[in-house]
Amino acid sequence: METSSIIENSKIQMRRGILEYSILLVLQNRDDYASSIIQKLKDVDIIIVEGTLYPLLIRLKNLGLLSYRWEESPQGPPRKYYMITDKGREQLRELDATWEELVRSVDTIKNSQDTL
């Protein structure tokens with residue numbers, strides 16, 4: 001396998017690992033609909049397509065981390081707005097702590113190469 005494709009595969013795997021966390025972050029302060037969530041993630045270079053997002057939204061809903069409501073749209077059919085639940089907020093707090101711990105650990109490894 002070519003080095004550039006190995007690197008690209010690693011990037012994809014890393015992003016895939018943080019998608020659920022990213023979705024909860026997007027929804028923590030504002031209810032939103034799928035295409036807007038996709039755009040917000042794309043705006044920060046987390047590329048996701050509808051075929052990936054919808055199963056994640058369903059999974060998060062089935063876990064009780066999200067709920068949704070239908071709302072009329074000024075353009076086109078009604079939109080399904082997703083919102084974070086209390087259980088989702090608790091999960092987000094735990095993921096925040098886990099993320100901070102992971103970042104600290106990786107930074108320690110990166111900055112301590114001479115002592116490891």
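Mentor: Happy to! Let's begin with a term: a salt bridge is a side-chain nitrogen of Lys or Arg within 4 Å of a carboxyl oxygen of Asp or Glu. Keep in mind that this is a predicted model.

Trainee: Got it. How many salt bridges does a search of the whole structure find?

Mentor: The search turns up 6 salt bridges.

Trainee: Which residues are linked in a network of salt bridges?

Mentor: Arg30, Asp32 and Lys40 form that network. Asp32 pairs with Arg30 through their side chains, at 3.6 Å from N to O. Asp32 also meets the side chain of Lys40 in a salt bridge, with an N to O distance of 2.3 Å.

Trainee: Is Asp32 buried or exposed?

Mentor: Asp32 has a relative accessible area of 0%. Buried means under 20%, so Asp32 is buried.

Trainee: And its partners? What does Arg30 count as, and what about Lys40?

Mentor: Arg30 has 49% relative accessibility, so this residue counts as partly exposed. Lys40, with a relative accessible area of 28%, is partly exposed.

Trainee: Nice. Which residue does Arg93 meet in a salt bridge?

Mentor: That would be Glu90, with 2.8 Å between N and O. Both residues sit in helix H4, 3 residues apart, which is about one turn of the helix. Glu90 is partly exposed, at 36% relative accessibility.

Trainee: Let's switch to helices. At roughly what angle do the axes of H1 and H4 cross?

Mentor: Helix H1 covers residues 3-27 and helix H4 covers residues 86-111; their axes come within 10 Å and cross at roughly 125°.

Trainee: Is the crossing left-handed or right-handed?

Mentor: The crossing of H1 and H4 is left-handed.

Trainee: Which residues meet there?

Mentor: From H1 you have Ile18, Tyr21, Leu24 and Leu25. Facing them in H4 are Gly88, Gln91, Leu92, Leu95, Asp96 and Trp99.

Trainee: How many of the contact residues are nonpolar, polar or charged?

Mentor: The contact of H1 with H4 has 7 nonpolar residues, 2 polar ones and 1 charged.

Note on methods
Residues numbered from 1 in each chain as written. Predicted model: local features only at pLDDT ≥ 70, side-chain atom pairs only at ≥ 80, totals over all residues. Heavy atoms only, no water. Axes fitted to C-alpha atoms, helices over the stretch in contact; angles between N-to-C directions. Helix = DSSP H or I, 4+ residues; strand = E, 2+ residues; numbered from the N terminus. Left-handed = near helix turned anticlockwise from the far one by under 90°. Contact = heavy atoms within 4.5 Å. Nonpolar A, V, L, I, M, F, W, Y, C, P; charged D, E, K, R; others polar. Buried < 20%, exposed > 50% of the residue type's maximum accessible area, 1.4 Å probe, protein only.
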